[in-house]
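Work through the exercises below with the sequence and the structure at hand. Each task is followed by its solution.

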Amino acid sequence: MSNSKNSRRDFLKKTALLSAGITILPRHVISSPGKKAPSDKLNIVGIGIGGKGFVNLRAMATENIVGLCDVDWKYADRCFKEFSNAKRYWDWRKMFDELGGSFDGVMIATADHTHAAIAATALTLGKHVYCQKPLTHSVYESRLLTKLAAKHKVATQMGNQGNSGDGVRQLCEWIWNNEIGEIREVHAWTDRPIWPQGISRPAKVTPIPKTLNWDLFIGPAPMRPYNEIYTPWNWRGWWDFGTGAFGDMACHVLDPVYRALKLGYPEKVRGSSTTINTESAPHAETVEFSFPARENLPRLAMPPVKVHWYDGGLLPNLSDLLPEGENLMADGLGGCLFIGSKDSLLCGCGGYDSRLLSGRVPDVNPYLRRITGGDVFYPDGPHEQDWIRACKESPGNRIEPTSNFAYSGPFNEMVMLGVLAIRLQGLNKALKWDGENMRFTNISETDELKIMISDDFKVIDGHPNFDKQFATFNALASADEYIKHTCRAGWSLPAIP
Ligand SMILES: NC(=O)c1ccc[n+]([C@@H]2O[C@H](COP(=O)([O-])OP(=O)(O)OC[C@H]3O[C@@H](n4cnc5c(N)ncnc54)[C@H](O)[C@@H]3O)[C@@H](O)[C@H]2O)c1
C-alpha cells in the first residue's frame, strides 16, 4: 500500500517536472570524462568588472557568468564583450532583485567602500561570496561579514590571491617547526602608493561622463562633486572610498604574518606618517602593532610580538641584521622580516621566496594542503578556483578556502585598525584597543584631533608664503566614525547577527 502511494507520488512529481519543461537526466548522459556537466557549473555574477574584477572573472570562466554589474560602462566594456551572454546592470541591487533566484555566487571587485553593503546583502541571500581585498572599508564592516558568513554557511574568499600560494604554506611550516625560534618582532613593507595620495580635494568640478553613474559609485559614502581623479583606480588614495597604501597592500604583505603568528586582536596600535589631511591618505606611513602572547603551538612558543609596517618607500633600518645590498623590494610588491630568537626569515609579498638570513635551508616536509598552481608567484586562478571548489561542497563537508571570512574577516580588522592608527596619530599616543568590543579605551570624551584641511604655497611679491589650514575634531567621535561609517541616506548595512 505504502509502496503504491510512493510510486504515485513519484509519478506525479516527474509529470509536474516534465510539464514544466524540466527533464531529469542521469549525470553520465550529460557529462563525459574531462567535461563538466552543465549542472555542475555555478552561476556567478560579477560586480565591479572594469579592473581586477575582469581578471577575477576570467579566472572563474570555467563557470557560467550570468550577470555583470558596473557603474562605468565605458571601463566595463571589454568585460561585457568577453562575457556577452551575461545580463548587464548598473545597480547591483536591481541585479540581485532580478537574478537573485538564479545565481549561486558573486564576485565583488568594486572600490573598497562598497564591498560591505554588496557582500552583506549577498550573504544574507545565502550566496557564496568572492570579495576583493581589503575585505571592507572599516573594522565594523569586517566583523559584520565574518558573522554573516558564519551564519549563512556559504563559501567565502577574500581576493588576496597570494594566500592560496605555496609560499605562505611553506613559511608557516618552517616557523611552526621552530626553525627560527620565538618571534617577538616583525617588519613588513611595500613601496605603494603608485596612485595620488597626500592631496586635498580638487576644487574643479568636471562634467560627469554619460557612461558613468556617479551616484551609484558614491553609494554609501557622503556625496561630493564628480572629478575624474576619483575613478577608475585612483579612489584608493581617498579616505571616503579607499584605505590608502596600507589598506591596499597589507592584505597581501601581512597575510603570512597574521597566519603564521596566529595574531588575533592587537592590544595597542600607533601610527605616524608624512603630513595627514582630512581627504586622502598620506604619502608614506608607519604603524606599530603590539600583540599579546597567543596560545603556544606544539613546537613553538608564541610570546608577545610587535609588528611594524612601512609604506610609501620607507623601509626598516635594521643594519645589524640585514645583509648589505639586500633589496627589500626585489619582487616589486613588498615583503617582511620575522626576527626569531635563533634566526630571521625574510620573504617577499605573500610569503613567496622565504629564506633564512643564516643561509640555512630548513628541511621540513610539506604537510599543509597545496593548491594547484600555487607554486607560481601571485597567479590569478588558483585562489578563485579554490573558492569555486568550496562553493560546490556542502557546508558540513566543505574544505574551506584559506582566505574564507572566518580568517580574512578578523585579519582585515587588523588592517583597518592600522588605517585608524594613521588617522588618529594626532593624539600622540599608542591607542589601546578592545578588539572584542571594537573600541579604543584610552581616548577621552574631550580629546581633540587637529588635522590639516588645506596646504598652499605661493611666492607673493618675491617672498615665500605658506598657508596651511587646520580643523579640530572631537577624537572620540572621529574614531567612532572611522570604526563604523555612517551610511548616506538610502544606504544601510544589516545589523551584526
Ligand atoms: N588582489 C589583487 O591583486 C588586486 C589588484 C587590484 C585591485 N584589487 C582590489 O580590487 C578592487 C577593485 O580594484 P581595481 O583596481 O579593479 O579598481 P578599478 O577602479 O580599476 O575597478 C573597479 C571597478 O568597479 C566599478 N565600480 C565601482 N563602484 C561600483 C559599484 N558600486 N557597483 C558596480 N561597479 C562599481 C568601477 O566602475 C570599475 O569598473 C579593490 O578592492 C582593490 O583593492 C585587488
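**Exercise 1. Sort the lining of the largest pocket by residue class, then describe the pocket.**

Step 1. The lining of the largest pocket divides into 22 nonpolar, 14 polar and nine charged residues. Here Ala, Val, Leu, Ile, Met, Phe, Trp, Tyr, Cys and Pro count as nonpolar, Asp, Glu, Lys and Arg as charged, and the others, Gly among them, as polar.

Step 2. The model is predicted: local features need pLDDT of at least 70 and side-chain atom pairs count only at pLDDT 80 or more, while totals for chains, interfaces and linings use all residues. Residues are numbered from 1 along each chain as its sequence is written, and side-chain values use heavy atoms, with hydrogens and water left out.

Step 3. The largest pocket holds about 830 Å³ of space. A pocket is an open set of points on a 1 Å grid over the protein atoms alone, where a 1.4 Å probe fits, with protein on both sides within 12 Å along at least five of seven lines; lining residues have an atom within 4 Å of a point. The volume is the space filled by probe spheres set on the points, which are joined across faces, edges and corners.

Step 4. Of the 45 lining residues, Lys-52, Ala-109, Thr-110, Trp-235 and Arg-236 lie nearest the centre of the largest pocket. Two or more lining residues come from each of helix 3 (52-58), helix 6 (115-124), helix 9 (214-218) and helix 10 (244-253). Helix 10 gives the largest share, three residues. Helices (H or I, at least four residues) and strands (E, at least two) are DSSP runs, numbered from the N terminus.

**Exercise 2. Describe the second largest pocket.**

Step 1. About 400 Å³ of space lies in this pocket. Its lining has 21 residues, and Ala-221, Pro-222, Asp-240, Glu-481 and His-485 are the closest to its centre.

Step 2. By class, the lining has eight nonpolar, five polar and eight charged residues.

**Exercise 3. Which peptide bond is cis, with omega near 15°?**

Step 1. The cis bond runs from Arg-192 to Pro-193.

Step 2. Pro-193 sits in the loop between strand 7 (183-189) and helix 9.

**Exercise 4. Is Trp-233 exposed, partly exposed or buried?**

Step 1. Trp-233 lies in the loop between helix 9 and helix 10, and its phi is positive, near 70°.

Step 2. Trp-233 has 38% relative accessibility, so it counts as partly exposed. Buried means under 20% relative accessible area and exposed over 50%, with partly exposed in between (1.4 Å probe, protein chains only).
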